[in-house]
Amino acid sequence: MITTIIKTARNFLNLSDDIMLPLSDNAGYYKGLKANLGTSKKQWNKRPDIKNPVIAFIGASVPKQIADEVIKLNNTSIKIINLCIPAQDINMWLDPKNKVWTEANKTLAVNNVNWEDINVVWTMQDDLRDRGDQRFPEAPQTLKNKLTSLIGVIKSKFPNVKQIDLASRTYSYDTDSKHAEPSCYHTGWANKWTVEGFKKDSVFITDKCYMWTNGATPRKDGNYTLPIHYSDLVHYTNEGQTYWGSFVFNYYKQFNWFN
């Protein structure tokens, strides 16, 4: 009954639920599903107070740029370790025997950090094997399943992890590759569904570090994505790296333990 009323209202007002809406705005519907984050207000209010925080960033080349910027901005005593490796997407990271973890071990050793020291993990993931699959909900559901497996690997690699931040990709101005929209938008939905599946987990898993905007159109929080943020429609320019690295750094500044 409610669904029928909603559809009737949309038709009357000539509204379409095919418009990509930022999940962080918590407003409207996308293809019949409410567009909001997976982390509820109740969950957010119960976020953990991390003791002796050490943050690890994992992902591919764009996450590496973000981590580099966060480390540059870091004016706290907190250790932040960049474990990201270019061109290594979720299919590599969810394999506990993949070389990405061997390289991670080397990076940890160089920074005098043990696996057990890491208690916060930030990651931005995409599935490059789907070749830009635009189906919804099929494509983000596939990524969600892989994220669920990845979380299991993260827990096994970092046995003391208390918080896992799932960041969406930022808006893509590309039009004809595996990175074209709505692929980047769909990563936010994959994160949302992953978080909803771990609501009762002992580890705080959140999608609050939501980075997708509808291009240059500002979200409710004022953030936007400009063409000048990209050097090749995928990787950031200096402006893009500064903008989104600052976004993630400011995200962490919300936490009482980040000081």
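Which residues form one aromatic cluster together with Tyr 30 and Phe 136?

**View 1. The aromatic cluster of the predicted model.** Tyr 30 and Phe 136 form one aromatic cluster with Tyr 171, Tyr 173, Tyr 185, Trp 189, Trp 193, Trp 212, Tyr 230 and Tyr 236. The model is predicted, with local features needing pLDDT of at least 70 and side-chain atom pairs counting only at pLDDT 80 or more, while totals for chains, interfaces and linings use all residues. Residues are numbered from 1 along each chain as its sequence is written, and side-chain values use heavy atoms, without hydrogens and water.

**View 2. The aromatic pair of Tyr 30 and Tyr 185.** The structure holds 31 aromatic pairs (rings of Phe, Tyr and Trp, the last by its six-membered ring, with centres within 6.5 Å; planes under 30 degrees apart are stacked, over 60 edge-to-face, the rest tilted). Tyr 30 and Tyr 185 form an edge-to-face pair, 4.9 Å centre to centre with 90 degrees between the planes. Tyr 30 belongs to strand β1 (residues 29-30) and Tyr 185 to helix α7 (residues 183-196), so the pair ties together parts 155 residues apart in sequence (DSSP runs numbered from the N terminus: helices, H or I, at least four residues; strands, E, at least two). Both Tyr 30 and Tyr 185 are buried (under 20% relative accessible area, 1.4 Å probe, protein chains only).

**View 3. The aromatic pair of Trp 93 and Trp 101.** These rings are edge-to-face, at 5.1 Å centre to centre and 90 degrees between the planes. Trp 93 is buried at 0% relative accessibility, and Trp 101 is buried at 3%.

**View 4. Charges over rings.** The charged end of Lys 34 sits over the ring of Tyr 29, 5.9 Å from its centre (NZ of Lys or CZ of Arg within 6 Å of the ring centre and within 35 degrees of the ring normal). The charged end of Lys 208 sits over the ring of Trp 44, 5.3 Å from its centre.

Methods:
Buried < 20%, exposed > 50% of the residue type's maximum accessible area, 1.4 Å probe, protein only.
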